[in-house]
Structures are given as structure tokens and as C-alpha cells.
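Open your viewer and get ready to click along. We will hop from one selection to the next and see what is there.

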Amino acid sequence: MHIYKKEPRLKVFPVRVKKDSFVNYSYVILDEDSLQAVVIDPAWEPDKINAVLTAANATLAGILLTHSHFDHVDLVGFFTAAWHCPVWMSAAEINYYRFHCEGLIAFEDGALLSPGGIPVQAWVTPGHTAGSTCFYVGNCLFSGDTLFIEGCGLCWGKGANPYSMFDSLQRIRTNVTKEVLVFPGHSFGLPVGLSFEEVMLNNIYLNFKEKDMFVAYRMRNDQQRLYAFQ
């Protein structure tokens, strides 16, 4: 397991978890001074996430959810039962999909959160779902299924919208600086935690200037490897 350092008192632990053909990345963010921790999108293999928390002697102070798809919220009930910690999800996502769980707190776009004293800025970035969110923590962007290292999330299904996805990716492109590290919900082969500068070199979806061209390409027929998660 790779450990990516960001600001002096924070560490990010990527946790690769799997169930059948699904491979996701959950993340543990640890404040090294207070030993408070946050988990982003816990799924599939609780022992792997617990191993990180136990090794750090950490207290789980909260859960951040990028969106409500089952492969990103699978272990929410497990961890809230164990820790009785709050869970944050965008109001847009909660309201559209009627998501609920113990300790749920809704937020709006641009909200400043502080789970366990860890500063988090929430960007609501619709497209993959109606209220998908990216979380900006220190020098890291946790992008869920909005932005991958190699691509972007699917834009069909309830609440998905390729036009909104274009706008969300343009927002990221405009506001994220080249040294920011990107941690997505899935990998298609390249390592998570690459710089945004490297992502720009590997991701065609960030380089469309015309919205209609982006939408035509994102929604094209006969796409290969849509679920070739690694």
C-alpha cells in the first residue's frame, strides 16, 4: 500500500477494495497529531479499512460520500454502527435519490466541512449522478466517479447528465492547480494520486473545449472497458 503525504499533519491512505469484478478505491485521511480520521467512500472489504485505522490508533470521526451508488456506500452502515460517526453527502444527491443512513448530514456546493478537525471543501460536481461531489483536502482532490486519472464517470442512468459533466470537469480544470494530487474512486490501470498536471496529459475528457463535442464523445456507442477497473 502506498502512503501519500500532503500537508504536514495529514496523511492519505488509499485502500484498494474489491468485490467480484468491481474494484474501488476508498481513502482514509488521518490527522497525525489528533489521530482523528475520515473515510471516503467505504466499500467491500472492511478489514482493509479497519487495518489502516488500527495501525494508526485512529478514531473514525466521519465518513464523506462522493455519491450514492452502491459501490461507494456499501460499508456506511457497518462503520456507523461501529463508530456512530456522522456521514456527509450533498443535499442534491440525498434529495434526488432519497438516500438515508445513520448520522447523515447534508451540505451545499462550496461547503467547508471539518470532520475531526480535518478541513474539507466540498465541490458539488454533477454529471455522473445528480449530486456527485469532489472533496478538496489539503493538496488533494478526492474525485469519486466525476474524474478518473484516465477518464470520467459514465453519464447515463437516473440523474446522470453529460452536459453537467462537461461543466463539472471544466470547473475542475479551471480551479485545480497542476501540483494537486488526484484520488479517484476507480483506476483503469494508472496509479491513484498522480498530479493534476499528469492527469491532464492522460485524460482526453479534460481537453474538450466544445460542450457538444464532449457530449458526443462521452455518449458514443460501442465503448470498450467501461468497467475494466484495476
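Start by selecting Val 28, Ile 49, Leu 53, Leu 60, Ile 63, Leu 65 and Phe 79: among the 26 residues of the largest nonpolar core, these touch the most other members. A nonpolar core is a set of buried Ala, Val, Leu, Ile, Met, Phe, Trp, Tyr and Cys residues joined through side-chain atoms within 4.5 Å. Elements giving two or more residues to this core include strand E2 (10-19), strand E3 (22-31) and helix H3; helices (H or I, at least four residues) and strands (E, at least two) are DSSP runs, numbered from the N terminus.

This is a predicted model, where local features need pLDDT of at least 70 and side-chain atom pairs count only at pLDDT 80 or more, while totals for chains, interfaces and linings use all residues. Residues are numbered from 1 along each chain as its sequence is written, and side-chain values use heavy atoms, with hydrogens and water left out.

Now click Leu 53. Which residues is Leu 53 in contact with, leaving aside neighbours within four places in sequence? They are Val 28, Ala 37, Ala 58, Leu 60, Phe 79 and Trp 83, where contact means heavy atoms within 4.5 Å.

Next, select Asp 41, in the loop between strand E4 (36-40) and helix H1 (46-55). Its phi is positive, near 50°. Most residues other than glycine have a negative phi. Asp 41 counts as buried because its relative accessibility is 2% (buried is under 20% relative accessible area, exposed over 50%, partly exposed in between, with a 1.4 Å probe and protein chains only).

Finally, jump to His 84, between helix H3 (76-83) and strand E6 (87-90). His 84 also has a positive phi, about 50°, but His 84 is exposed, at 60%.
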